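Try each task before reading its solution.

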Amino acid sequence: MYSIIVGALSGWIASLIMKVDKQMGWIKNILAGIIGGGIGKWIAKLAGFEAKGGMINDIIVGVVGAVVLIWLVNMFFGRRR
């Protein structure tokens, strides 16, 4: 349950940052946040940070990872002009 709540918040905040909130529903927000949490922890580990702590830390790491995930998805599958 914790992962779903943190994932939903992280994905939603990331979708607002990336200005894709209108295209993403709550399921995509949750998935982006959960997958983004894994990506964010991996990025933090590469940068030499310890990605553990409380809920706020988990949300921040999840948002960073979800922003990267949304950017990658838009880069590969986004609209082409």
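**Exercise 1: Lys 19**

Lys 19 counts as exposed, at 70% relative accessibility. Keep in mind that this model is predicted.

Task: Find where Lys 19 is located and what its phi is.

Solution: Start with the location: Lys 19 sits in the loop between helix 1 and helix 2, just after helix 1. Next, check the backbone: phi is positive, about 55°, although Lys 19 is not a glycine.

**Exercise 2: the buried side of helix 1**

Task: List the buried residues of helix 1 and say what they pack against.

Solution: Helix 1 has 16 residues and spans 22 Å from its first C-alpha to its last, close to the 22 Å expected at 1.5 Å a residue. Then pick out its buried residues: Val 6, Gly 7, Ser 10, Gly 11, Ala 14 and Ser 15. Because they cover an arc of only 160° around the axis, they lie on the same side of helix 1. Finally, look at their partners: the buried residues of helix 1 pack against helix 2 (26–46) and helix 3 (55–77).

**Exercise 3: a nonpolar patch**

Task: Which helix gives the most residues to the nonpolar patch, and is Tyr 2 buried, partly exposed or exposed?

Solution: Begin with the members of this surface patch, among them Met 1, Tyr 2, Trp 12, Ile 34 and Met 55. Together, the patch residues have about 860 Å² of accessible area. Helix 1 (residues 2–17) gives the most, with 6 residues. Now take Tyr 2, which belongs to helix 1. Its relative accessible area is 41%, so Tyr 2 is partly exposed.

Methods
Residues numbered from 1 in each chain as written. Predicted model: local features only at pLDDT ≥ 70, side-chain atom pairs only at ≥ 80, totals over all residues. Heavy atoms only, no water. Patch = residues over 30% accessible without salt bridge, like charges linked within 9 Å, V, L, I, M, F, W, Y side chains within 5 Å. Areas by Shrake-Rupley, 256 points an atom, 1.4 Å probe, with all protein chains shown as cover. Salt bridge = Lys/Arg side-chain N within 4 Å of Asp/Glu carboxyl O. Helix = DSSP H or I, 4+ residues; strand = E, 2+ residues; numbered from the N terminus. Buried < 20%, exposed > 50% of the residue type's maximum accessible area, 1.4 Å probe, protein only. Expected span 1.5 Å × (residues − 1). Arc of directions from axis to C-beta. Contact = heavy atoms within 4.5 Å.
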